[in-house]
Amino acid sequence: MGHHPGRPDRELAAALRNGEPDATAAVFDRFAPGLYAYACGFVAVSSALDVVYDAVWTATARIRSLRDEGLLRAWLYAVVRAECIRALERTGSALEYLPAADPAYQAASDVLDVREAVHLLDGTAREVVDLTVRHHFSSHEIEAMLGSAGDGRVLAHAQDFVDRAVPRVPNALGTFSLLPFTPLPAHLRGRLLAVQPSEAELLDLGRRLEPLDREGFPRRDRRAKRTVPVIAASIAAFAVLGVGALFVFPQAESVERPVLRPAAEPT
């Protein structure tokens, strides 16, 4: 599912700022499938529905906080991430990202092997890979959402690991793009439009987004994350689980990585 940021995002952000009647529904129609798929990487499907509903209305309440309207989509994802953190905190669950996919999708063996390799990365690396490959975010957008994790190093190490883990699949991370999103339930749009928060509820939604950084994004340090070196942890998991060949990969050198390409659908 591609995305072409720029003027359409700015126009939607301006519509939200101006309080245009159909702006919230337009934001939902444009971004909800990706937002829901992203939320499903953090929380259960039932919780993801509430997260997307709250996030869209939170964005409506706090759109004036966003400094660069061209980053509207990245900001909406950051709002979803913040809502997922809140949901996890309520249950005392750890913050961990695992890319979610349509359970009805019959994946080919190559796709399954690449998905297995991606799942062996640490949570931050899995998130960066998914945001890059399936959600089509640029490094600049990911850096706005995740800070230094979006500077390219995490993605380069992850790509190197997956290439080594599944050497028979060329452009392995590109193959990961074949995994379709978890389908967005059709009834969520009707709920969004039929059950609009009150002014007091909108105010509360806006307040709980804080603290914000200088660009208007939710602060990334609102909850401490366990940090695991992406390559070392992944190799150890690969060896323990016995997935693929049982050998230790050498330390990857800094090399110029090719641009990731979405894979062609298998025939």
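Select N171, which sits in the loop between α8 (153-165) and α9 (172-176). Helices here are DSSP runs of H or I with at least four residues, strands are runs of E with at least two, and both are numbered from the N terminus. N171 has a positive phi of about 50 degrees although it is not a glycine.

The model is predicted, so local features need pLDDT of at least 70 and side-chain atom pairs count only at pLDDT 80 or more, while totals for chains, interfaces and linings use all residues. Residues are numbered from 1 along each chain as its sequence is written, and side-chain values use heavy atoms, with hydrogens and water left out.

Next, select H136, in the loop between α6 (123-133) and α7 (139-146). H136 is not a glycine, yet its phi is positive, near 60 degrees. Is H136 buried, partly exposed or exposed? Buried means under 20% relative accessible area, exposed means over 50%, and partly exposed lies in between (1.4 Å probe, protein chains only). H136 has a relative accessible area of 27%, so it is partly exposed.

Now select α6. Of its 11 residues, 10 are buried. Among them are G123, A125, R126, E127 and V128. At the start of α6, select D122 and T124: a side-chain oxygen of D122 comes to within 2.9 Å of the backbone nitrogen of T124.

Move on to E210 and P211. The peptide bond from E210 to P211 is cis, with omega near 5 degrees. P211 belongs to the loop between α11 (199-207) and α12 (230-241).

The next stops are helix pairs. Two packed helices are described by the angle between their axes and the distance between the axes. Axes are lines fitted to C-alpha atoms, for helices over the stretch in contact, and angles run from 0 to 180 degrees between N-to-C directions.

Select helix α2 (residues 23-40) together with α3. Their axes are 9 Å apart, and the helices pack at an angle of about 140 degrees. α2 and α3 are therefore oblique to each other. Angles under 35 degrees count as roughly parallel, over 145 as roughly antiparallel, 65 to 115 as roughly perpendicular, and the rest as oblique. Residues in contact (heavy atoms within 4.5 Å) include F28, L35 and Y36 in α2 and V45, A48 and L49 in α3. By class, this contact has 12 nonpolar, 2 polar and no charged residues. Ala, Val, Leu, Ile, Met, Phe, Trp, Tyr, Cys and Pro count as nonpolar, Asp, Glu, Lys and Arg as charged, and the others, Gly among them, as polar.

α3 passes α4 in a right-handed crossing. The contact includes V51, D54 and A55 of α3 and W75, L76 and V79 of α4. Its residues divide into 8 nonpolar, 1 polar and 3 charged.

Finally, select the whole protein chain: 12 helices and 0 strands. Of its 267 residues, 49% count as buried.

Methods: Polar contact = N/O pair within 3.5 Å; in protein donor to acceptor, adjacent residues only side chain to side chain. Left-handed = near helix turned anticlockwise from the far one by under 90°.
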